[in-house]
Amino acid sequence: MTISTNDLDPGFKFEIANVPGNELIKHCFTCGACIAVCPVNNVCSEFDPRKIIHMVILGLKKRVLSSENIWYCSHCESCRFSCPQGVRSSKVMDALQTIAVRDNYVAADAFQKFATAPCKVACPAHISIQGFIGMIAEGRYRDGLKLIKEEMPFPCICGRICFHPCENKCNRGKVDEPVAIEYLKRFLADRDLAGDINYVPETEEKKDEKIAVIGAGPAGLSAAYFLAIKGYPVTVFEKLPVAGGMMAVGIPAYRLPRDILRKEIKTIIDMGVEIKSGVTLGKDITIESLRNEGYKAFFIAVGRHASRGLNVKGENLEGIIHGINFLKDISLKGKVSIGERVIVIGGGNVAIDVALTALRSGAKEVLIVCLEGRDEMHAWEYEIKDALDEGIAIINNWGPRRFIGKNGHVKSIEFKHCTAVLDANGSFNPQYDESELMTLEADTVLLSIGQACDMSFTKGVPDLEVSPMGPVVKDPFTLETNIPGIFVGGDASYGPRSVVEAVASGKKAAISTDRYLRGEDIKADRSQKWNSIEFESQNVKLADRQQMQRLSIDRRKNSFKEIDSGFSELQARLEAKRCLRICGTQIKGMVSVHG
Ligand SMILES: Cc1cc2nc3c(=O)[nH]c(=O)nc-3n(C[C@H](O)[C@H](O)[C@H](O)COP(=O)(O)OP(=O)(O)OC[C@H]3O[C@@H](n4cnc5c(N)ncnc54)[C@H](O)[C@@H]3O)c2cc1C
């Protein structure tokens with residue numbers, strides 16, 4: 001649908017521009033681009049922003065919007081990204097709402113009950129998912145990518161490895177299968193990195209205050225990204241020789257190719273962020289030394305790179321390696337020598353990555369042994385399936401009792417039967433039946449039983465409040481610590497989670513840092529409540545979810561080649577069209593305009 005200014009009443013522009021006291025509305029020149037893309041407008045002609053604008057501006061005081069269904073804005077933000085003026089159209093609508101309510105033109109309900117699509121609510125970074133999917137459907141790839149990059153710097157990475165909570169909430173799943181949101185994000189981002197889009201976000205006018213970020217994982221890099229957009233000079237100090245944190249030295253390359261990671265980090269560097277690798281807080285630098293160099297605010301996001309121990313006899317034998325050290329060495333050195341028979345201990349996602357990496361590093365047989373029953377395992381079901389497909393056996397409900405060695409090298413493990421992992425309060429407190437034992441032989445044992453925060457960084461910031469779990473965050477919305485101007489986030493602050501949650505944390509830190517440096521209230525309006533509305537699926541045509549091409553199981557085993565190969569353009573367009581686009585917008589009821 002194309003709307004030109006000719007479609008609008010003469011004098012409309014004049015009237016809008018003359019609404020008293022509302023600067024936002026003055027920017028609108030009523031081209032109608034926002035209305036053309038609005039999914040609500042496309043399904044319900046009664047929800048035509050122009051009509052509402054007319055009602056408000058021209059004072060049409062008596063009018064029934066609809067007798068049955070009222071459609072509400074779902075905050076997909078397509079309108080905002082369609083605006084050639086860069087006007088925040090949704091803000092224009094908000095302003096109109098205020099005026100409408102103030103002047104009693106329409107029932108407050110018609111505007112006020114905005115809801116947000118459940119996919120956007122579920123995404124920790126709150127990406128406007130309906131919006132970018134709508135743009136793929138229309139072939140507007142650059143706009144779609146820009147919309148994603150408003151909320152996160154790593155669509156290429158998260159399009160591959162995100163645990164996609166958005167898809168669990170996708171209403172299409174109630175009809176047939178959820179929309180492949182993760183892969184659609186990857187489609188857009190891959191086109192960007194292939195050179196079709198070449199999008200580097202604009203940065204505001206340069207500011208003076210230097211900011212130091214400690215740790216170049218997704219939390220630190222995201223904070224740097226959002227602060228660079230605000231115009232701040234940011235330096236990221238990273239202990240390792242490479243940037244990316246666990247994205248570079250944890251997540252295996254067959255799921256996240258390193259050239260993809262490097263390219264997405266390069267965009268952040270192109271925005272003016274400096275990354276200094278091989279610099280450790282607490283060894284090479286301290287917060288005080290950075291203050292002396294002129295840094296005014298700090299974000300510490302050092303992750304969880306220490307391994308938990310088992311406290312089991314024989315644990316220090318040769319051939320017993322901590323899983324995250326194993327993955328780190330593979331990423332940094334290329335190869336680690338392991339035996340032919342490998343046992344991985346642990347039942348989480350990291351254990352699966354460790355096991356599949358062992359298989360690609362020369363092991364002939366890999367077993368995973370964990371305390372949890374099959375249904376209690378922390379690993380995602382799709383990851384467990386990948387492990388089973390590649391021939392890894394999983395043995396549930398056993399915990400190590402002792403490691404048995406020969407000439408100082410591990411030879412076998414004695415296990416005891418685990419009868420329960422959690423206690424009545426749901427806390428981790430495994431119970432065993434020690435009358436039931438099992439011994440398994442192993443040349444190499446890889447321990448994947450949890451990550452801890454390496455607290456040696458605190459030597460560089462001795463006054464920081466810490467607990468045995470890591471640095472203490474005073475407020476989860478602002479990430480403030482006990483020291484003004486020092487913020488802490490990512491896995492270090494809340495435990496091992498995910499890339500998208502680290503991104504969300506970095507974004508919060510950037511908002512806090514900016515407000516701190518401008519002397520503003522850091523806390524004001526930070527705890528946003530999201531309102532998503534139940535969707536009733538009616539008359540939705542069934543459509544199969546597009547399937548991604550995957551490397552055959554035989555070709556996966558001895559290679560770190562990426563397993564998934566991405567959607568073709570046709571697949572992406574077809575998949576995008578599966579999005580219902582109207583979730584969170586429909587409420588039954590009647591709204592009338594009062595006089
Ligand atoms: C094996 C594995 C697989 C995973 N798979 C997935 C997945 O598929 N999907 C997903 O969403 N998440 C996954 N995760 C989790 C995800 O990688 C983390 O949640 C995320 O990287 C945390 O981000 P962060 O920035 O807080 O910390 P990190 O990524 O850990 O980054 C912290 C950085 O700080 C640096 N640093 C530490 N101490 C210092 C110091 N003193 N001075 C300077 N720098 C320092 C570290 O070297 C590191 O680069 C996985 C994690 C692992 C271990």
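## Confidence of the model

The protein chain has an average pLDDT of 83, with 77% of the residues scoring at least 70; pLDDT is the predictor's confidence in each residue, from 0 to 100. Over residues 586–595 the pLDDT is below 50, and this stretch has 45 contacts in the model beyond near neighbours in sequence, a contact being heavy atoms within 4.5 Å. Where pLDDT is low, the predicted coordinates should not be read in detail.

This is a predicted model, in which local features need pLDDT of at least 70 and side-chain atom pairs count only at pLDDT 80 or more, whereas totals for chains, interfaces and linings use all residues. Residues are numbered from 1 along each chain as its sequence is written, and side-chain values use heavy atoms, with hydrogens and water left out.

## The ligand and its shell

The ligand has 35 residues around it, of which Ile161, Glu238, Arg255, His305 and Asp491 come nearest; a residue is counted if one of its heavy atoms lies within 4 Å. Domain 1 (210–305 + 453–517) and domain 2 (307–451) both contribute residues to this shell, so the ligand lies between them; the domain bounds come from an automatic or database domain assignment.

An oxygen atom of the ligand is 2.8 Å from a polar backbone atom of Asp491, and a nitrogen atom of the ligand is 3.1 Å from a polar backbone atom of Lys239.

## Surroundings of Met246

Met246 is found in helix 17 (residues 246–249), where helices are DSSP runs of H or I with at least four residues, numbered from the N terminus. Leaving out residues up to four places away in sequence, Met246 touches Ile251, Arg304, His305, Ile324 and Gln451. Met246 and Ser498 are 252 residues apart in sequence, with 9.7 Å between their C-alpha atoms.

Methods. A polar contact is a pair of N or O atoms within 3.5 Å; within protein, one must be able to donate a hydrogen and the other to accept it, and residues adjacent in sequence count only if both atoms are side-chain atoms. Helices (H or I, at least four residues) and strands (E, at least two) are DSSP runs, numbered from the N terminus.
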